[in-house]
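Here are some friendly notes to read alongside the model. Please keep the structure open as you go through the points.

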Amino acid sequence: MRDPIAKRIPREIKSDIGKQLVIFLFFVLIISAASGYFIAGDSLINSYNESFEKYNVEDGNFELFEKADDAAVKDIEKDGGITLYENFYKQEDTKGFESKLRIFGERDEINRVCLLSGDMPSADDEIAIDRLYAKNHDLKKGSRIKLDGKQLTVSGMVAFSDYSTLYENASDLMFDNDKFGVGVMTDDGFENLRDSHLHYVYSWKYDKKPADDAKAKEASEQLVKDISKHAVLTDFIPAYTNQAIRFAGDDMTDDMAGMQAFIYITIVILAFITAITTDNTMIEESGVIGTLRASGYTRGELLRHYLAVPLITLTAAAIVGNVIGYTVMEKYMAMAYLGSYSLTSYEVRFNPDALIKTTIVPFAIMFVINLVTIWNKLRFSPLNFLRRDLSRRKKKKSFRLNTKMPIMTRFRLRIIFQNLPNYITIIAGSFLANFILMFGMIFKPMLLSFQDTISDNMLCSYIYIMKAPAETSSDSAEKGYLTNLETTYEQYKHEQVSIYGIEKDSRYVNIPHDGSGVYLSTAYRDKYDLDEGGSITLKEKFTDKEYTFKISGFYDYPATIAVFMDAETFEETFDEDSRLQIYLSNKELTDIDDKLIASRISETDLTKTSRQLMRSMSSIMNVFMVFGIIMFVIVVYLLAKIIIERNARSISMTKILGYTEREISGLYVHSTTFVAVLSIICTIPLANKILETVFKKIFMDYSGYFAYIVPVSTLIATCIIGIVSYLAVSLLLNAKVRRVDLAEALKNVE
Amino acid sequence: MFLEIKNVKKSFGEGESRQEVLKGIDLEVNKGEICVLLGPSGSGKSTLLNIIGGIDTADEGYISINGEKTADMNEKALTRYRRRHLGYIFQQYNLIPNLNIKENVEVGAYLSDSPLDVDDLLKTLGLYEHRHKLPNQLSGGQQQRTAIGRAIVKNPDILLCDEPTGALDYKTSKDILKLIAEVNEKYGSTVIMVTHNDAIKLMADRVVKLRDGVIRHNTVNEQKTAAADLEW
């Protein structure tokens, strides 16, 4: 005969349909989002990984000062055990909108291009451009763009296999698919563009590919030496350090791990909520359980019965969530990546791993937490259940509270202590929810604040870096020196440091000229926690030559990792070959030949990190904010509701005694208010500190510096949003208290 | 008249399942009286007590205490009425499980502007040494004493007792009845007590017997017996 108590299960769900629906929908929300995310991420990562072979992505590239002759190419190939491919490009500023476009000729052998829509260029005045860059500038097939005075027609949208992330330079902190793009032309079309901005870049493929990144590092270190024997290197980027190739793959992989941790933490909190709910139901039904146990029902039978509802809810949510994940959410999640990265075409593929992560593991978490809770309760004897005697602490006296405290205060404290598991779960849940909310809240103000700080602390409006010495008649221009070195920290990735040599009595950089030491940018200090009086050791990029400098102080410059020293010391320290002439200026310099300018750094360049982050992350941050609020409301409401249900008899009795609604809410809702508001207030500085640490850690892996600056107003706004969300919950809780019937206290306890 | 119950009618259910539980109750109780409501299950005595206590409403008729009619009162006024005039004692005690004994009594004291001294009362009730214990650490009798303490600490005009000894053994029941009689005498509270136990009528000033929602007997007991001498 079928277990007759199983017939209760649908009725039980129906009788508490509101709560079950909330839990179900929240599960659906999480599972569908996670499932869509994993499927999209896995499909994109898979296509990204396959692209290396499919499009023959390079093992690295280097730039030479001038074109290598055939003999040099052969020697480099022989010495390095590599095959070289010309991958020359020309970079031009666009007319009509501010950006730089890097143009390549046909790429048939190395770093092949994936056509996403339209056609590859067939005429000399046609160009196929990166999909994302085109989208950001509203360029379509047939659009016209002006480069180097020539009108070009966009023939199609492409993805470059070696520019899945649009980094202009390897040393950039962040990619910028708005101000920087890539395009491909026919070889003749490419030839027709002027040569003044031609870069002699060679890509290489190892004849015998290194087994891993460590081996690739060894090989590339040797390769630098080999190339330097035959040509003058100006840049050298092995693929394993090339952000343009690696960043998207690394980011998507890291995000997957983050999402996995997030879904598991959320499921654990929900599992605790359902376990507490079931525990409460068992207390209410203790007489029934006692009777059934006394009649011969086993613990196992009752365990299965009480496990059924939470597991059925999760299973149903998992089915619906996965269907939504595959059909709807996958597209949205993929769009989030395709809005940031220039990925080659991909196909959605069934992902058993996503099913395990979104269904099997959550099911196991729910099963274990509920099993332990229910089994722990079922260890009481039938008599204990019949007597509603289900506390293991009954023999102890109640702990003392200072009787000088008003009875209402003590009453509230007792409620908090009585419902400690609920409140601990509320604290944990609201911490997570507030953390998510805060993550969503701080992002935009943090970026704007960082942008403002950079703008307010520019050295000057423009820094011109010259290829060769040049003169200008501009009264705003001030000469200086620049060279680039690398950090030598063992534990961090080596990154580029700009060393500036500053003229005496500079209008732009005010440092003492006493030769006592160097001044570090505040970005350098903050990133590596450096102190005045200490020292730094830097090395040349392509040699082992090291330089050690004493830190005399810091210069307020948050934009880049830079070192300032007086020009005399600079001249003494660096030989002429490694010195680059620069001009610091507040005005554009128009009288210098373009061919002599290696690059020009303006505010736009320095703020591109924050702009790119804002562009690619803003919409996802809004999702975080909404999700944080929903999660907070659900966690607090469900758990506080249980507290009210558990105390229904006491609430009823206080009503009978003559307590007013306000006084009763003051007891049973304000206890929750106290805990919820306190956890909001405590969470915010704590979350702020954790986020600061996390951000700092994340950005240690990046070149450059990103200051974590959150305005106090944002922290206050986060706090207010949390409290307002709670007020909405408290209205529901007050209504719940009002609905407790006076007759509750008159019911005979079974 | 202190407590006046006039033509109170109450029914439950609708249509064919409608059941008239009180069919027009008229009753008057003087201040300071102990009034025992007797009757079999379903006679309507607990329903009547709940209507007096303002936790249920009459379909018709009214309850008046010192001229204040409960029928005219809204939810807030009923709360004030209970707060000012009533103390409640239940068969199941209904103590607040997470408060200790003293705090449970203080919950009652909080409602009054001039409550009795809680520690003195606990001593009177023989609970002082147990004041830091939780309700589930005490016997049924001790819990009921606590409930009585909570009811009388605010010095109510009327003490409503719904089967106060229903869950207790013979000896403890007699102790509780003795205590109720002492409270009546010492504080002058009017006591309305619902019980199945016919023997309890002997300690009452007034005995009201209900059957099928109607008062069958309403007698004044001229020869009260002390609670300690009750036998059943």
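**Notes on charges and contacts**

1. Glu588(A) is partly exposed, with a relative accessible area of 46%. Here buried means under 20% relative accessible area, exposed over 50%, and partly exposed in between, with a 1.4 Å probe and protein chains only. The side chain of Glu588(A) meets that of Arg600(A) in a salt bridge, 2.8 Å from N to O. The pair links distant parts of the chain, twelve residues apart: Arg600(A) lies in strand 20 (residues 597–602) of chain A, and Glu588(A) in the loop between strand 19 (580–585) and strand 20. Arg600(A) also counts as partly exposed, at 32% relative accessibility.

2. A word on the basis of these notes: this is a predicted model, in which local features need pLDDT of at least 70 and side-chain atom pairs count only at pLDDT 80 or more, while totals for chains, interfaces and linings use all residues. Residues are numbered from 1 along each chain as its sequence is written, chains are lettered from A and ligands numbered from 1 in the order in which they are written, and side-chain values use heavy atoms, with hydrogens and water left out.

3. A search of the whole structure finds 41 salt bridges over all chains; the term means a side-chain nitrogen of Lys or Arg within 4 Å of a carboxyl oxygen of Asp or Glu. One that crosses between chains runs from Arg414(A) in helix 12 (residues 407–418) of chain A to Glu103(B) in helix 3 (residues 101–109) of chain B. Their closest N and O atoms are 2.7 Å apart, and both residues are buried. Helices (H or I, at least four residues) and strands (E, at least two) are DSSP runs, numbered from the N terminus.

4. Glu471(A) and Lys479(A) also form a salt bridge, at 2.8 Å from N to O. Glu471(A) is exposed, with a relative accessible area of 56%, whereas Lys479(A) is partly exposed at 33%.

5. Which residues does Asn50(B) touch, not counting those up to four places away in sequence? They are Leu746(A), Ile55(B), Asp56(B) and Tyr88(B), where contact means heavy atoms within 4.5 Å. Asn50(B) is found in helix 1 (residues 45–52) of chain B and is buried, with a relative accessible area of 9%.

6. Finally, please look at Glu191(A) in helix 5 (residues 187–192) of chain A. Glu191(A) is exposed, with a relative accessible area of 54%.
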